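Hello,

I am handing over the structure we talked about, and below it you will find what was found in it. Please read the text with the structure open beside you.

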Amino acid sequence: MSALLGGSPTALDAVALEGSPGMQRADRAFRWFTAAAGLTVLVILAAIAVSMTQKAWPAFRHEGLDYLVSADWNPNQNRFGALAMIYGTVVVSAIAIVVAVPISLGIALFVTQVVHRRVRTWITTVLDVLAAVPSVVFGLWGFLVLRPWIAEVYNSIADAVSGVPVLRNVFGHSSGMSFMTAGLIVALMIIPIITSIMREVFATVPANDRDGALALGATRWEMIRGVVFPHSTGGMVGAVMLGLGRAMGETIAVALVIGASPQIVANLFAQGEAMPSIIARNLNESAGLQTAALIGLGVVLFALTILVNIAAKRLVRRIDARTLGTR
Amino acid sequence: MATPTIEEAGLTGTLSKGRKVRNRVATGLMGTALLVAAVPLVIVLVLLVNKGFHLVTSANWWTKSIPSNVAAADLADKAEYFGIEPSTSSAIQVTTGMWPAIYGTLLITGLAAAFSIPLGILAAVYLHEYGSKRPLARVIRFFTDVMVGVPSVVMGIFLYTIWVVPLGRGGRSALAGSLALACLMLPVVVRSTEEMLRLVPDALRQASSALGAPQWRTIVKIVLPAALPGITSGCMLAIARAAGETAPILFAIGSVTAVNWSIFGQNTALSSQIYSNATQPGGTEIAWGAALTLILIVMVLTVVARLVTKRFSVHFAR
């Protein structure tokens with residue numbers, strides 16, 4: 001800097017433009033400094049994978065493939081088959097997605113396509129508040145208030161379908177602690193996430209396309225179907241996948257309402273257990289092989305969520321390439 | 001929406017009945033979706049205020065230790081008036097305070113912010129100012145996105161395996177909890193900061209370089225200050241999210257009922273108090289109070305972040 005300021009304005013030679021050696025060294029040092037900060041992300045991720053796998057290894061070796069395909073989880077007899085927990089996580093996230101996606105889609109469309117800008121700010125605020133409610137608070141509400149109330153709803157549904165062959169098995173009697181309760185609460189928690197991504201996606205639909213459809217006499221719904229949806233397919237899929245990733249990892253609320261019984265049953269109103277919830281409940285009090293088995297569940301969860309996230313990115317890129325012609 | 005829809009233009013008379021009905025049904029369903037999401041939220045918030053207000057507005061709540069005898073008091077209540085609704089005024093005196101957990105939440109979240117925010121901002125500077133499209137920057141950006149999606153409980157298990165297992169029970173501390181939260185916050189800070197750096201006009205960087213400033217001075221003196229409001233708001237949202245987290249700190253901080261000022265030794269937090277009291281006999285009242293307190297803290301952080309964002313967007317509008 002001094003080289004430049006010291007000389008006359010016309011004396012801008014190559015040396016001055018590149019700066020003094022000291023200046024270059026400072027710049028290079030700062031660059032390495034920031035690069036090192038960036039690398040910590042990679043280091044932490046690698047450390048998570050390595051340390052968890054290492055601590056879980058005794059359980060993996062003890063069980064072999066049974067860890068993933070057996071549903072026999074019995075710490076007293078050193079049996080650790082995680083299938084029931086994997087089943088629980090899949091069922092809870094499936095319920096959450098099935099419930100949350102239509103609602104999020106509706107809200108996102110309502111906000112971006114229907115209401116006035118001033119109303120939009122209000123709705124966005126409501127969604128921000130919903131997103132800011134901690135998991136444990138929803139869990140507390142689910143455990144103390146929703147559970148006793150919804151048990152009656154479940155039981156009346158169960159009574160209503162008690163004569164119908166398949167439904168009879170899916171909607172049985174309940175204590176309120178169930179896959180369904182957990183799924184509904186998780187749905188509530190992923191709605192703001194899915195909605196906010198879908199909102200951003202819908203906001204990128206070119207105004208010209210929308211105006212064109214409306215000018216041709218399309219109703220609002222026809223415009224949404226003909227212009228907004230085709231333009232947003234990739235982004236919508238991405239939003240659902242991110243919601244799914246979040247639903248699978250949801251821990252505390254699920255731990256409070258799912259009921260702590262590892263079992264594989266068709267009854268969605270029955271008590272169950274999911275991977276994150278059994279870890280939350282038992283890791284502190286566990287020892288030996290049980291600790292390893294619980295950490296192993298963390299490894300499975302880690303791997304699953306990473307796969308879902310990577311698949312989401314690829315899928316979005318593929319769909320966008322096909323529907324939008326972008327790369 | 002510049003162009004009016006056909007109903008806004010008052011031309012619905014030209015529509016066939018089927019199209020009109022379908023449009024109205026679709027719009028109605030969208031509005032219903034909003035109601036379906038908003039109703040539980042309102043119920044939860046009203047319940048929180050209803051059940052926690054008297055605790056949160058008492059001085060004891062913010063200054064006294066967490067009662068360790070609620071279960072005993074509850075039992076005494078039930079033994080004394082068996083079959084009658086238990087009251088809080090019983091033979092065993094319970095002073096409901098929450099100060100240790102409030103302090104714990106502030107300490108743990110503050111430490112986590114101190115670890116993750118400088119690191120995250122530096123990483124974002126690398127990604128946007130130096131790396132941009134280089135392979136290393138692409139890899140880091142990709143894995144930062146992956147890390148955003150890692151469940152918070154995994155961060156808790158991670159800290160448990162590298163900290164609590166080697167150090168034993170003594171390893172449980174505010175420090176360990178804050179490290180887990182920092183792992184959770186780091187990728188969020190990196191991504192939001194990078195977005196904000198992207199909003200800084202290139203003309204500012206070029207002007208600084210033209211005056212002869214080396215790149216690092218341009219970044220430190222020009223780019224970061226210009227992006228500061230946006231970065232602040234992103235960081236506050238990350239802090240707000242971390243403050244409400246339970247799963248990462250569940251295995252790392254242990255539990256105490258008296259305030260522990262130190263970053264070492266077992267500690268407690270509002271979120272873990274809610275979790276443990278939710279299922280404890282007689283603890284539900286405390287859990288509601290702690291939940292209201294936690295929501296208040298999280299909301300204040302979120303609102304402040306939103307206000308800062310609002311000012312920022314005026315700054316660089318167009």
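In this predicted model, H8(B) passes H9(B) in a right-handed crossing, where a crossing is called left-handed if the near helix is turned anticlockwise from the far one by less than a right angle, and right-handed if clockwise. The names refer to helices (H or I, at least four residues), which, like strands (E, at least two), are DSSP runs numbered from the N terminus. Helix H8 (residues 202–210) of chain B and H9(B) pack at an angle of about 155 degrees, and their axes are 10 Å apart; axes here are lines fitted to C-alpha atoms, for helices over the stretch in contact, and angles run from 0 to 180 degrees between N-to-C directions. That angle makes H8(B) roughly antiparallel to H9(B), since angles under 35 degrees count as roughly parallel, over 145 as roughly antiparallel, 65 to 115 as roughly perpendicular and the rest as oblique.

The contact is made by B:Leu204, B:Arg205, B:Ser208 and B:Ser209 on H8(B), and by B:Thr218, B:Ile222, B:Val223 and B:Ala226 on H9(B); two residues are in contact if their C-beta atoms, placed from the backbone, lie within 7 Å. By class, this contact has four nonpolar, three polar and one charged residues, with Ala, Val, Leu, Ile, Met, Phe, Trp, Tyr, Cys and Pro counted as nonpolar, Asp, Glu, Lys and Arg as charged, and the others, Gly among them, as polar.

Chain A has a helix pair of its own to look at: the axes of helix H5 (residues 83–114) and helix H11 (residues 220–249) of chain A come within 9 Å and cross at roughly 145 degrees, and H5(A) passes H11(A) in a right-handed crossing. Among the residues that make this contact are A:Ala96 and A:Ile97 of H5(A) and A:Val240 and A:Gly243 of H11(A), and its residues divide into eleven nonpolar, four polar and one charged.

The C-alpha trace of chain B spans about 75 × 65 × 35 Å along its principal axes, and that of chain A about 95 × 65 × 35 Å.

Chain A is assigned domain 1 (2–61) and domain 2 (66–324), with bounds that come from an automatic or database domain assignment. The centres of these two domains, taken over C-alpha atoms, are separated by 39 Å, and eight residues of domain 1 of chain A are in contact with ten residues of domain 2 of chain A.

Between the chains, 75 residues of chain B are in contact with 77 residues of chain A. On the chain B side H1(B) gives the most, with 18 residues, and the residues of that side divide into 55 nonpolar, 17 polar and three charged.

Residues are numbered from 1 along each chain as its sequence is written, and chains are lettered from A and ligands numbered from 1 in the order in which they are written. Because this is a predicted model, local features need pLDDT of at least 70 and side-chain atom pairs count only at pLDDT 80 or more, whereas totals for chains, interfaces and linings use all residues.

Best wishes
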